[in-house]
Amino acid sequence: MTLSEIADGLEVTASQRNRGVAVADDTETPLVERLAAHADDLPCTPAATATLVDAYTAGRSVGDAAREAGVTPMTGAKALHRCGVEGVCPLAPSRRSVVRDWLDGRIARSEAVALAGGDEADFALATYVETHDSVPAVADAVDAHVAGSAPLGDGDALGGALGSPDGLR
């Protein structure tokens, strides 16, 4: 069977409408205002959360970002997790399965802490991460804010790493 035989008898019965390009840009709205509607879902104030996001995405550690926001490092890590920031859980995914086993009642807490490695604070944060999902609307607002922010460095996407072209002659 050839392609023309397969296509024989086919006809177009609907037309496609050109809807144009959808544009929704609210990156000019401050992050604090976007987070205010979700204040009940965050472990700290929207202002502290916005400060955390700005500091953390600028390259500071969770602890430094938390100090700048005026919250504890644990609260800072929880807020960043709720904002959809990846990598704030101190335990590897295989170690987090131990936390899930404890949450499901399959092992004792003392055994879970020992098997997970790390300390009590690491275990507590991993437990929070396992029991609280990121908030999709907050994660979207943070993603839009980070995408709309200036690149790292002095406005140069590479941070001046290449130097000026004059030095190449």
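Q: pLDDT is the predictor's confidence in each residue, from 0 to 100. Where does pLDDT stay under 50?
A: Over residues 150–159. The model has six contacts beyond four places in sequence for that stretch. Contact means heavy atoms within 4.5 Å.

Q: What are the ground rules here?
A: This is a predicted model, where local features need pLDDT of at least 70 and side-chain atom pairs count only at pLDDT 80 or more, while totals for chains, interfaces and linings use all residues. Residues are numbered from 1 along each chain as its sequence is written, and side-chain values use heavy atoms, with hydrogens and water left out.

Q: What is the mean pLDDT of the protein?
A: 83, with 80% of residues reaching 70 or more.

Q: Which elements have the lowest and the highest mean pLDDT?
A: Helix α1 (residues 3–7) is lowest, at 82. Helix α5 (residues 73–82) is highest, at 96.

Q: How many helices and strands?
A: Nine helices and zero strands. Both are DSSP runs numbered from the N terminus: helices are H or I with at least four residues, strands are E with at least two.

Q: How much of the protein counts as buried?
A: 28% of the 169 residues. Buried means under 20% relative accessible area, exposed over 50%, and partly exposed in between, using a 1.4 Å probe and protein chains only.

Q: And what share of the contacts comes from residues 24 or more positions apart?
A: 57% of the contacts with a separation of 6 or more.

Q: Cys44 and Cys83: buried or exposed?
A: Cys44 is buried, at 12% relative accessible area. Cys83 is buried too, at 1%.

Q: What does Thr49 touch, beyond four places in sequence?
A: Leu35, Leu42, Cys44, Ala79 and Cys83. Thr49 is buried, with a relative accessible area of 0%.

Q: Arg82 next. Which side chain of opposite charge is nearest?
A: Asp41, 4.2 Å away. Arg82 is buried yet has no salt bridge. That term takes a side-chain nitrogen of Lys or Arg within 4 Å of a carboxyl oxygen of Asp or Glu. Lys and Arg count as positive, Asp and Glu as negative; His and the chain ends are not counted.

Q: Which backbone oxygen lies 2.6 Å from a polar atom of its side chain?
A: That of Asp133. A polar contact is a pair of N or O atoms within 3.5 Å; within protein, one must be able to donate a hydrogen and the other to accept it, and residues adjacent in sequence count only if both atoms are side-chain atoms.

Q: What else does Arg82 touch?
A: Beyond four places in sequence, its contacts include Asp41, Tyr128, His132, Ser134 and Val138. Arg82 lies in helix α5.

Q: Where is Leu125 found?
A: In helix α8 (residues 120–131). Leu125 is buried, at 7%. Leaving aside neighbours within four places, it contacts Met74, Ala77, Lys78, Val88 and Pro90. Its C-alpha is 9.9 Å from that of His81, 44 residues apart along the chain.

Q: And Ala121: which helix?
A: Also helix α8. Ala121 is partly exposed, at 40%. The C-alpha atoms of Ala121 and Met74, 47 residues apart along the chain, are separated by 8.0 Å.
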